[in-house]
Amino acid sequence: MTDAATLATALPVRSRARRRVSFRAVFGITVLLAMGGAALLAPQLAPWDPARQMLLKRLRPPAWEARGLREHPLGTDHLGRDILSRILYGGRISLAVSLSSVALAATLGVTLGLCAGFFGGRADAIIMRVVDVFLAIPYILLAMGVVFALGPSLLNVILVMGATRWVQFARIVRADVLSIREREFVVGARARGNRALRLLVRHVLPNALTPIIVVATLELAFMIIYESALSFLGLGVQPPTPTWGWMLADGRNYIATAWWLATFPGLAIMLTVLAVNLLGDWLRDRLDPRLTV
Amino acid sequence: MPPLLEVDGLQTQFVTGTGTVRAVDGVSFAIERGEVLGLVGESGCGKSVTSLSIMRLVPPPGRIAAGHIRLEGEDLLAKDAEAMRQVRGARIGMVFQEPMTSLNPVFSIGDQIASAALAHGGGGRAAAWERAVEMLQLVQVPSPGERVRDYPHQLSGGLRQRAMLALALVSGPRLLIADEPTTALDVTIQAQILDLLRRLQAERGMSVLMITHDLGVVAELCHRVAVIYAGRIVEMAPVARIFARPMHPYTQGLLRCLPHPSRFGQPLFSIEGVPPDLRRPPAGCRFAPRCPHVIESCRRAEPPLGEREPGHLVACPVLP
C-alpha cells in the first residue's frame, strides 16, 4: 500500500520533470525567431532607409548618450546612416547567407565524411586527399578565385562559402565514423542483413550527430565573419547592401572614437551565435537518449 | 537431406605486413537440424573467425581462402553480396559477446527489434511494434510492454543480452550463432540466459553454433562439441563423451584446467607453453610443442582428424 502510494506520487513528478521546458531551448528559439522576424520585417520595422546618408548627422552616438538623437536609437555611422536600420536589413543577408552556406557545407561534408570513414580504402583515400587540397589552399584565396570567375552574387557567395567549408564537417565526421563502424552494434546490424546505406543512415549517422551539431553552430558564426571578409574584398554582397560582417569590419576603423559602429552589429552576431549554440546544445542532448533522464 | 550447416575445409587468412596469419586452417564440421554444437577453444584459436566466416563478415584484411560453407545444401561462398545479405538475419541469426556495445545506443530496444521485424516480415509499424513486445516476452523480459521503450543503457547486462536474443530471433532464423553470449555476464545471469537459450532452441527446433571458451556452458547446453586449437579442430564428440573420455591431449589439458572444489588448496593446473604463431605454424601437429605425450611422428606429419569410435573424432595418433 505504501509502495503503491509512493509510486503514484512519484510517477507524475517524473513525467513532469521530463517535460520541463528547457531554458536553452526557449532562449535559443526566441532569439532566433526574433532575429529572423526582425530581418524579414525589416522594411516595416526600420525607421530609415539603410543606405540613406545624412552627412550632417555623422557619427552620432546612440540615443541615450549626450549627443544622441531620438530618431537614431543606435546612432549613425561615418556616413550618417542609421545603425538600427542597417542591422535590421543586414540581418536578412547575414542570416540567409550563413544558414544556407552552413546547410550546404554540412550536407556536403557529412555525406563525404560518412562515405570516407565507412567505406575506407579507395573512397577514403580520394575524399581525404581532396580535403587536404582544400585545407592547403587558403579558403579566402579559393573563394576569391571562384567569385572572380563566376561574378559576385548572393547565390555565388553562398555556394563558394559552402563549398570551401565542407572540409570541416568531412574531417570530423570521418574521424567519428572510423570508431563507430568498429562498434559491435554495427557488425550486429550487418549480421542481421542490413544494407550499407541503412547501416550508414540508421546506425552510424545518429551516433555521429553530436560533433556535427557542434561544428555546425561554430561554423554558423564563422560564416557571418567569412561573408564580411568576402564583402571587404569586394567579392561578397556588394555595398551599399548592409551585412553584419561588413558593418563590423567597417566600424573597426572608428572603434576608438565611435564604439557603437562595431558594437551593435557585433552584438547581433553574438546573440545569434549564442542562440544557435544553446539550441544546438539542447538538440544534441535531446537526441542522445543517454542524457535524458 | 543435407545437414543444416556444413563447413568443409574452411581456411580464413589475414594477410599482414609480417606474414599471412592462418586463423582458421582447414576446419570442417556439420550441424544437424535442431542440434547445438559447441565450438570450444582458448582465445585466438579461430573460434570467432569461424563464425564470422560463416556470415561472410570477416573484417579486412581477412579473407576466406578455401573451403565450402553450405547452408541447407546451398554454398554460401558462391553467393553474390545481395544474396548473402538476404541470408544474414533471415536464415542465420547472431548474438555477440558484449551486450553493452551490441545494441545501438540511440534507439530504444523496441525500435530496434521492430525495425528488424519490418525488414524481414513486412507489415505495418504497429504490427512490428507488437511483434517487438512479443519477442521481449518470449525472451522473458519482465513487463515487456514498458521495457520495449527503454534504451540499451537503461537495461542491465542480462536484460540487454535478452534483447539481443530477441533481435536475433525476430526474423526466425534456422541457425543461431552465439559468440560467447554469456562471457560478459555474472554466473547467476549466465545460468538464466543458458536456460532461456536451451528453451528457445527446443521450442523452435533451431540449430545453435555455440562459441565459447567455457566448458561449463558446453556441458549445460551443447549436444556435440568441437575442440579447436590453433585454427584446427582437434577433437569432436558428443558432449557426454568429451567429459567422460577426452582423447586428445589438448582436450584433456583443458578439462584439467577447470578449477574444482575437490582440489581446494592445490595450485591450478595449466597447459605449459603458449599457442603457436599462426603465421608460421609448426610442421606436424600444432599441439606437439606443448604435448606431454608427443612422439616422433607428431612433429613430422599433421595427424588427420579420424573417427576413433563411432561419433568421436580425434586428431592424435598417440592415445587409444
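Which residues is B:Ile113 in contact with, leaving aside its neighbours within four places in sequence?

Tutor: Leaving those neighbours aside, B:Ile113 is in contact with B:Ala132, B:Met135, B:Ala166, B:Leu167 and B:Val170. Two residues are in contact if their C-beta atoms, placed from the backbone, lie within 7 Å. The model is a predicted one, in which local features need pLDDT of at least 70 and side-chain atom pairs count only at pLDDT 80 or more, while totals for chains, interfaces and linings use all residues. Residues are numbered from 1 along each chain as its sequence is written, and chains are lettered from A and ligands numbered from 1 in the order in which they are written.

B:Ile113 belongs to the largest nonpolar core, a set of 159 residues. Within this core B:Ile113, B:Ala166 and B:Met210 have the most contacts. A nonpolar core is a set of buried Ala, Val, Leu, Ile, Met, Phe, Trp, Tyr and Cys residues joined through C-beta atoms within 7 Å. A residue is buried if 20 or more other C-beta atoms, placed from the backbone, lie within 10 Å of its own, exposed if 12 or fewer, and partly exposed in between. In soluble globular proteins, nonpolar side chains tend to be buried together.

Buried residues account for 45% of the 320 residues in chain B. The secondary structure of this chain comprises ten helices and twelve strands; helices (H or I, at least four residues) and strands (E, at least two) are DSSP runs, numbered from the N terminus. The radius of gyration of chain B, taken over C-alpha atoms, is 21 Å, close to the 20 Å of the globule rule (2.2 Å times the number of residues to the power 0.38), so the chain is as compact as a globular protein of that length. The C-alpha trace of chain B spans about 70 × 50 × 40 Å along its principal axes.

Four strands of chain B form an open sheet in the order E2-E1-E4-E5, with antiparallel pairing. Two strands pair if DSSP finds at least two bridges between them. The edge strands, E2 (19–31) and E5 (74–75) of chain B, each pair on one side only. Strand E4 (residues 62–71) of chain B pairs with E5(B) over two bridges in the antiparallel sense, and B:Leu71 stands opposite B:Glu74 in E5(B).

Chain A has twelve helices and zero strands. Its radius of gyration is 24 Å, whereas a compact globule of 293 residues would have a value near 19 Å. Buried residues make up 39% of chain A.

In helix H12 (residues 260–287) of chain A lies A:Ala262, which counts as partly exposed because it has 19 C-beta neighbours inside 10 Å. Beyond neighbours within four places in sequence, A:Ala262 is in contact with A:Leu248, A:Gly251, A:Arg252 and A:Ile255.

The two chains also meet: the contact takes 19 residues from chain B and 16 residues from chain A. The side of chain B that touches chain A has ten nonpolar, six polar and three charged residues. Here Ala, Val, Leu, Ile, Met, Phe, Trp, Tyr, Cys and Pro count as nonpolar, Asp, Glu, Lys and Arg as charged, and the others, Gly among them, as polar.
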